[in-house]
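Open the model in your viewer and keep the sequence panel beside it. This tour goes stop by stop: a selection, then what is there.

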Amino acid sequence: MIGTLYFLALLSSAMAWGRLGLLSEGSARNGTGGGSGDRCTCDAFLPSSTFPIKDLVVVEQTAVEISHKLELEMGKLEDYEIKLTAYAERIIELSVQIEKIEKNPDAYNDADKVEIKIEIKQAEALIKELHLSIKGSTTVFESLRIQITVMVQTLTRLELTYDKNLILVTRREYITVQLQLEECERRHQELFNPNIGSCAHTGIIKVSKPVVSQLNANLNAGYKYGGWGKDSKPVPDRESMYWYSGYSSASIVDIRLYTNYKNLLLRNHFQHHNLHSSWYGTGNNFILRDNTLYYQINNPFGLAKLNFTTGKYESKVIPRASSRFSYTNSPNQNFDFAADESGLWVTYANEESAGRMVIAKINEPSFGVEEEWQTSVYKPGVSNAFMVCGVLYAVRTVDIKTEEIFYKYDTKTKQESYVSVPFERFQDKYSNLDFNPTDQKLYMYNDGYYVNYHLWFNYTTKATVEPTLLLS
């Protein structure tokens, strides 16, 4: 395949930039004899910059390498599932035996008790071994994400600069690798983090490295404003749907819907909604929930919702909200919609609060404000914010590569606190950051790129026993 690509690259170069022609006698620099001193000469002018086939080869080789690694990790996951089942069964058997000894200690001699102790030690050793294997898999995932990020950058550069047809075969391999990684991480998440939707935790304790999908569907790095992600309360048969909206300014003019992650990567949307000009939005912290777009408008200054199932449009004005206060890195983000396990929220600031953020719970059917909470965090000092389990998490920029979750406010207890959970940015600036309760990921639109993050929570014992998902 590499040889074919190399031939195509040279052919493309000659077709695109070459000039072939017959020159008259005496004008030739190179030629072959053609009779009585006449010469027929062919000059080919090749481009000064040829197609970088080596870059494409590196991407292809990386895709094959990652695919092999992921096959090994999938095999490990199957082994983990078998071992966990066996360990669980053995622990239950040991628990039954210990219970019998406790009820009737005289019926067992010292040798029986020693044997039980040895088996417990063996189970502990096996569990420790499994724990180390799991940590090893996590390290592999981090390494693969870095490799895939490099592939994204290389493919994007080639797509924007050279003939897209030459990149197509390698892009298909890249998409296959992305889907393999997504499936492998999904199974890993199901196996070791089964508490999706549970709020029995004390908060976020860690954010993963950025997982970079690719440049936006417009293939335009100038579309720095926008958002992407999944529906936080998907309608039936659209649980796998993704969405994207981007523009060159902080405006919302259209949105694309994709049936699944693969079609998002292929940039193959099944619906493309162009908003009516009188419904255009502004700012960038919009979300999709229950097949409905929630976003900010400026005429009048307020909130808007557009239901793609019914086509119904509604708007709402919050009288005390101010258009003066936005996030640090993005203009006109006065309202910030968010969704979590308990429902729909919007944050803003007003003059009465001197620019400090206000949290409002939205009643989805009536599109009205149910309750408000006043925080002490100054909105212009915040780069973005999101909600998880009724808790507001505020983020700020630390340096050119690092963001930090630095503040949280719990609407249930009305308690606020300062925290420090740093995480890495892929590109310099971003305009949209939102949590999705259906997969417990953060979705970031980062200078035109789709980026997401896995979250780790400090779960209590209750969380591992009683996971719940409240999306209504």
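Two strands pair if DSSP finds at least two bridges between them. Helices (H or I, at least four residues) and strands (E, at least two) are DSSP runs, numbered from the N terminus. The model is predicted: local features need pLDDT of at least 70, side-chain atom pairs count only at pLDDT 80 or more, and totals for chains, interfaces and linings use all residues. Residues are numbered from 1 along each chain as its sequence is written, and side-chain values use heavy atoms, with hydrogens and water left out.

**Stop 1: the hairpin**

Select arginine 289 and threonine 292. Threonine 292, in β12, is the bridge partner of arginine 289. Now extend the selection to β11 (residues 281-289) and β12 (residues 292-298). These two strands run antiparallel and are joined by 4 bridges. Their hairpin has 2 residues between the strands. Click aspartate 290 there: its phi is positive, near 55°.

Colour β11 by accessibility. How many of its residues are buried? The count is 9 of 9, where buried means under 20% relative accessible area, exposed over 50% and partly exposed in between (1.4 Å probe, protein chains only).

**Stop 2: the sheet around it**

Isoleucine 252 has glycine 281 in β11 as its bridge partner. Further on, β12 and β13 (residues 301-307) are antiparallel and share 7 bridges. Pick glutamine 296 and look across: leucine 303 in β13 stands opposite. As background, strands of a sheet pair through backbone hydrogen bonds, either parallel or antiparallel.

**Stop 3: the cavities**

Turn on a cavity surface. The structure holds 2 cavities of 30 Å³ or more. On a 1 Å grid over the protein atoms alone, a cavity is a set of points where a 1.4 Å probe fits but cannot get out; lining residues have an atom within 4 Å of a point. Grid points are joined across faces, edges and corners, and a volume is the space filled by probe spheres set on the points.

Go to the largest cavity, with about 100 Å³ of space. Its lining has 14 residues; Lys230, Ile287, Asp434, Phe435 and Asn436 lie nearest its centre. The elements that give two or more residues to this lining are β6 (225-230), β11 and β23 (432-436). Which element gives the largest share? That is β23, with 4 residues. By class, the lining has 8 nonpolar, 4 polar and 2 charged residues. Here Ala, Val, Leu, Ile, Met, Phe, Trp, Tyr, Cys and Pro count as nonpolar, Asp, Glu, Lys and Arg as charged, and the others, Gly among them, as polar.

Move to the second largest cavity, at about 30 Å³. Among its lining residues are Ile252, Asn284, Phe286, Tyr295, Gln296 and Phe337. β11 and β12 are the elements that give two or more residues to this lining. The largest share, 5 residues, comes from β11. The lining divides into 5 nonpolar, 5 polar and no charged residues.

**Stop 4: the rings**

Show Phe, Tyr and Trp side chains. Rings (for Trp, the six-membered ring) pair if their centres lie within 6.5 Å; planes under 30 degrees apart count as stacked, over 60 as edge-to-face and the rest as tilted. The count comes to 20 aromatic pairs. One of them is tilted: tyrosine 294 with phenylalanine 367, 5.8 Å centre to centre and 50° between the planes. Tyrosine 294 lies in β12 and phenylalanine 367 in the loop between β17 (356-363) and β18 (368-378), so the pair ties together parts that are 73 residues apart in sequence. Tyrosine 294 is buried at 2% relative accessible area; phenylalanine 367 is buried at 1%.

Next, select Trp228, Tyr242, Tyr244, Tyr261, Tyr443, Tyr445 and Tyr450: ring pairs link them into a cluster.

**Stop 5: charges over rings**

A charge sits over a ring if NZ of Lys or CZ of Arg is within 6 Å of the ring centre and within 35 degrees of the ring normal. Select lysine 379: its charged end sits over the ring of tyrosine 327, 4.6 Å from the centre. Then select lysine 361, whose charged end is over the ring of tryptophan 345, 5.1 Å from the centre.

Finish at glutamate 370, in β18. Its C-alpha atom is 9.8 Å from that of tryptophan 345, 25 residues apart along the chain. Glutamate 370 is partly exposed, at 48% relative accessibility.

Notes
1 Å grid on protein atoms, 1.4 Å probe; cavity = no way out; pocket = protein on both sides within 12 Å on 5 of 7 lines; lining within 4 Å.
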